[in-house]
Amino acid sequence: MENYLSSPQMILKMFAADLLVFSSILSAAWCQPVESMKVLVPKTLNSTSGSCLLIPCLFNISKERENILDSSPVLTWRRGSQWSLYDTADFISVLSQNEPVIEVLGDLQKKNCTSVMRNLSSLHSDRYFFRIQTKTFTMTETKAVRINVSDSLAEPDVTVPVLREGEKVNLTCTAPAPCPSHPPNVKWAPALGGDVTQRTQMNADGTQSVSAILNFVPSFHHHELKVNCVSIHPLHREDKPLFSHKTVILSVEYPPKKTWISLTGLVWLGNNVTLTCQSNANPPAVHRWFVKRAGVEEELSISHVLSFTAAHENTGEYICEARNPYGAMNSTNLQITVPGISFTVFLSILAVLLLLIFALLALLILMIYRRYKEPIRSETSQDQDIYANVSASTVESQQLQSKTCEDEKTCTINPVYASKQNLPDESIYANC
């Protein structure tokens with residue numbers, strides 16, 4: 001044990017521990033402020049390029065040093081990133097052109113160090129420390145305020161309470177007003193037929209903001225409607241105003257406005273039938289199913305969908321009720337009648353009937369065809385007989401003309417033949 005305690009490594013560890021304690025005590029002694037001053041400022045402030053920024057500030061010093069407030073002390077703000085250059089001879093020529101213009105507005109006698117920064121740009125984003133100085137006294141606050149200068153605007157803050165149909169409500173849109181001399185203009189679009197009031201308020205940290213309050217009575221038509229809060233910020237410089245907006249989707253609670261039943265499947269004996277109840281309500285409604293038979297109403301189930309295999313006992317009037325905390329509404333009655341046969345049997349009967357009809361139609365067409373075909377054939381036969389008779393007469397006439405007149409006294413020449421022989425008209429008849 002003694003060898004272990006007297007080892008060189010253990011001695012070095014003990015020496016290092018003692019040195020750490022000593023340095024901590026010494027550091028604490030050196031870091032004690034000679035003069036005490038407390039400054040109350042926000043931790044973070046935001047502004048926009050081209051605008052200004054109000055820095056709310058209150059300070060407190062010891063009673064022994066309160067007399068310096070009567071000697072016109074100088075109040076300034078130092079940038080954290082440029083701290084080492086403030087007290088040098090080159091500070092004015094090097095940094096003054098890039099530094100923001102800072103003006104103290106507060107009453108020093110009341111220990112108010114509220115200040116305003118003008119002509120801000122994004123290059124001025126930094127940590128700033130408050131400093132009070134006289135010929136014989138200088139004190140700088142060790143806690144800084146973080147200032148962020150952006151080239152764009154953050155979207156406004158929107159507060160939307162629970163919206164219920166028929167109950168008057170306020171929608172509030174708030175935009176920061178970092179520059180009180182140029183406050184933003186806050187609007188609602190659309191205004192939903194309500195009244196809009198704009199007001200400026202002081203925040204808990206001393207900063208200011210502008211709110212637009214929309215007072216209206218919501219209805220179910222406003223449900224899922226998009227509404228925009230628009231903030232318009234004027235600038236010191238000759239630029240166009242900057243715009244910022246935030247879109248909210250309204251959610252209005254209302255009782256069921258419409259309830260209906262949709263049917264899926266064919267209502268035949270043995271088929272699967274599905275009834276779906278649908279409704280327009282917010283919050284979504286709970287659905288209850290009822291069936292009415294012979295004037296008696298019976299509750300079936302509590303569900304969004306009702307399914308069953310069609311049977312004779314399923315015949316009846318089906319009703320769906322939609323209900324939420326704000327009211328209830330029934331659907332139109334849906335009459336369901338289950339036929340006495342199944343769909344498969346019906347198809348079989350239908351197929352047989354179609355075949356019979358087809359056979360009858362074919363037979364009818366065949367009969368009509370035959371009836372119109374027979375007269376055509378008889379007329380053709382008559383024409384052929386007439387043609388045969390005419391041909392026979394012609395042949396017989398030619399045979400008679402070719403014969404030699406045996407009886408010259410009674411022989412008569414055929415007029416047609418005579419005309420073909422170009423005989424004179426007056427010699428139609430002549431004796432052989």
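Reader: Leaving aside neighbours within four places in sequence, which residues are in contact with Phe130?

Author: This model is predicted. Contact here means heavy atoms within 4.5 Å. With neighbours within four places in sequence left aside, the partners of Phe130 are Met37, Val39, Cys57, Phe59, Leu75, Thr76, Trp77, Cys113, Met139, Thr140 and Glu141.

Reader: Which members of the largest nonpolar core touch the most other members?

Author: The largest nonpolar core has 25 residues. The members that touch the most others are Val39, Phe59, Trp77, Phe130, Ile132 and Ile147.

Reader: How many residues does the second, separate core have?

Author: This core includes Ala177, Trp188, Val210 and Cys229. Its residue count is 19.

Reader: Which residues do ring pairs link into a cluster?

Author: The whole structure has four aromatic pairs. Ring pairs build a cluster from Phe59, Trp77 and Phe130.

Reader: Is the pair of Phe220 and Tyr254 stacked or tilted?

Author: The ring centres of Phe220 and Tyr254 are 5.7 Å apart, and the planes are at 50°. Planes under 30 degrees apart count as stacked and those over 60 as edge-to-face. The angle for Phe220 and Tyr254 falls in the rest, so the pair is tilted.

Reader: How many residues apart in sequence are the parts that Phe220 and Tyr254 tie together?

Author: Phe220 sits in the loop between β16 (208-216) and β17 (226-233). Tyr254 belongs to strand β19 (residues 252-264). The pair therefore ties together parts separated in sequence by 34 residues.

Reader: Is Phe220 buried or partly exposed?

Author: Buried means under 20% relative accessible area, and exposed means over 50%. Tyr254, at 3%, is buried. Phe220 has 26%, so this residue is partly exposed.

Reader: Is the pair of Phe308 and Tyr318 stacked or tilted?

Author: Phe308 lies in strand β23 (residues 305-309), and Tyr318 in strand β24 (residues 316-324). Phe308 is buried at 15% relative accessible area, and Tyr318 is buried at 2%. Their ring centres are 5.8 Å apart with planes at 10°, so the pair is stacked.

Reader: Which residues lie closest to the centre of the largest cavity?

Author: The count is one cavity of 30 Å³ or more. The largest cavity holds about 60 Å³ of space. Its lining has 10 nonpolar, four polar and no charged residues. Of these 14 lining residues, the closest to the centre are Ser51, Pro178, His182, His233 and Pro234.

Conventions
Residues are numbered from 1 along each chain as its sequence is written. This is a predicted model: local features need pLDDT of at least 70, side-chain atom pairs count only at pLDDT 80 or more; totals for chains, interfaces and linings use all residues. Side-chain values use heavy atoms; hydrogens and water are left out. On a 1 Å grid over the protein atoms alone, a cavity is a set of points where a 1.4 Å probe fits but cannot get out, and a pocket is an open set with protein on both sides within 12 Å along at least five of seven lines; lining residues have an atom within 4 Å of a point. Grid points are joined across faces, edges and corners, and a volume is the space filled by probe spheres set on the points. Ala, Val, Leu, Ile, Met, Phe, Trp, Tyr, Cys and Pro count as nonpolar, Asp, Glu, Lys and Arg as charged, and the others, Gly among them, as polar. A nonpolar core is a set of buried Ala, Val, Leu, Ile, Met, Phe, Trp, Tyr and Cys residues joined through side-chain atoms within 4.5 Å. Buried means under 20% relative accessible area, exposed over 50%, partly exposed in between (1.4 Å probe, protein chains only). Rings of Phe, Tyr and Trp (its six-membered ring) pair if their centres lie within 6.5 Å; planes under 30 degrees apart count as stacked, over 60 as edge-to-face and the rest as tilted. Helices (H or I, at least four residues) and strands (E, at least two) are DSSP runs, numbered from the N terminus.
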